[in-house]
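Please keep the structure open as you read.

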Amino acid sequence: MSIVIKANNICKNFGPKRALDDVSFEIEQGKTTALIGPNGAGKTTLFSVLCGYIKADSGSVNILGHDLGDPKLFSNLAALPQDAQLDPRFSLEKQLSFYARLQNLSKSESLKETHRVLELVGLKDNFNSRISELSHGMRKRVCIAQTLINKPKVILLDEATAGLDPVNAREIRNIISELSSEATFILSSHDLSELERLCNNILYLDQGVLTQHQTQNYQGEHNYITLQLQDEPSQAIDYLKQLQDVTHVQQTQRKEFVIEYKAENKHFDVQLLKYCHKLDWQYRQLINGNTLENELFNKE
């Protein structure tokens, strides 16, 4: 796959505070990537640098083969800041058509494109509605529709589902999932379970320092499975280690165990469930792989 974003040694200071400290990474085309980290880690600063909102003190960023600020990136790179707002006084048609015209589309092309992106986010019947008439979740979907105008190749979404109810959050996840074959998404969120569903590449930022992380669910000779039990039996780890092809067991929290086993065992999940039944253990959930939270924060 081709590289769509390449960042080399980015540094950014705000007074005495170093927000980004020698940040380097690559993102391949079509790989949905998560940008995560604690509050104040530098995520918004990195987003802002990638979008060209602010300039790094040193280092370089190349997107789609072009340096930041190159006119050829116009309409190929789109971003949705966390607190993005549209003007509540105007209709969806008027605002989105205006943004389309800014991308050098004709009046008729802009109208057609507005219809297209509103249909993508499930709001085609709200074409003439004003922003003030929409719910919070619908407004968020309109903002995402705005980023999809003219089919950009790279889309950055900062906390796209923050503050949304489960139904609207799921709809936005579905939109991202369906379009991930057409564009490369970079997502920032505190919801690790959401990112786990959508992303296979992780950029973890902490105090301005970034590490690039690949999910470990399938890693060469070993696979992982996460077992969550209804109760916590005594000596559970010792019992699990007795299973055929188990190479390691880690308890990551109460009633939760991550089991590492040989990848050659293609039916380990069935074997594990039968074993739980034999021991009279009731399981709450079986996850095929390790959870992102455990991978990042429960390393032994």
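**Charged pairs, rings and cores**

Glu 232 and Arg 254 join their side chains in a salt bridge, with 4.0 Å from N to O; the term stands for a side-chain nitrogen of Lys or Arg within 4 Å of a carboxyl oxygen of Asp or Glu. Because Glu 232 sits in the loop between strand 12 (222-229) and helix 7 (236-241), and Arg 254 in the loop between strand 13 (246-253) and strand 14 (256-262), the pair ties together parts that are 22 residues apart in sequence. Helices (H or I, at least four residues) and strands (E, at least two) are DSSP runs, numbered from the N terminus. Arg 254 is exposed at a relative accessible area of 61%, while Glu 232 is partly exposed at 36%. Here buried means under 20% relative accessible area, exposed means over 50%, and partly exposed lies in between (1.4 Å probe, protein chains only).

Before going on, a word on what you are looking at: this is a predicted model, in which local features need pLDDT of at least 70 and side-chain atom pairs count only at pLDDT 80 or more, while totals for chains, interfaces and linings use all residues. Residues are numbered from 1 along each chain as its sequence is written, and side-chain values use heavy atoms, with hydrogens and water left out.

How many salt bridges does a search of the whole structure find? The search gives eight. One of them joins Arg 141 and Glu 171, whose closest N and O atoms are 3.3 Å apart. This pair links distant parts of the chain, with Arg 141 in helix 4 and Glu 171 in helix 5 (residues 166-179), 30 residues apart. Arg 141 is buried at 10% relative accessibility, whereas Glu 171 is partly exposed at 31%. Asp 87 and Arg 89 also form a salt bridge, at 2.7 Å from N to O.

Arg 89 leads us on to Arg 130, which touches Pro 88, Arg 89, Phe 90, Ser 91 and Leu 92, leaving out residues up to four places away in sequence; contact means heavy atoms within 4.5 Å. You will find Arg 130 in the loop between helix 3 (107-120) and helix 4 (136-147), partly exposed at 45% relative accessibility. Its C-alpha atom is 9.8 Å from that of Leu 86, a residue 44 places away along the chain.

Now for the rings. The count of aromatic pairs comes to four. Tyr 275 and Trp 281 make an edge-to-face pair, 6.5 Å centre to centre with 70 degrees between the planes. Rings of Phe, Tyr and Trp (its six-membered ring) pair if their centres lie within 6.5 Å; planes under 30 degrees apart count as stacked, over 60 as edge-to-face and the rest as tilted. Both residues are buried, Tyr 275 at 13% and Trp 281 at 12%. Together with Tyr 239, they form one aromatic cluster.

Finally, let's step inside. The largest nonpolar core has 40 residues, and Val 142, Leu 157, Phe 185 and Leu 187 have the most contacts inside it. Such a core is a set of buried Ala, Val, Leu, Ile, Met, Phe, Trp, Tyr and Cys residues joined through side-chain atoms within 4.5 Å. Beyond its neighbours within four places in sequence, Leu 187 contacts residues including Phe 47, Leu 157, Ile 176 and Leu 195. A second, separate core of 26 residues includes Ile 5, Ala 7, Cys 51 and Leu 210.
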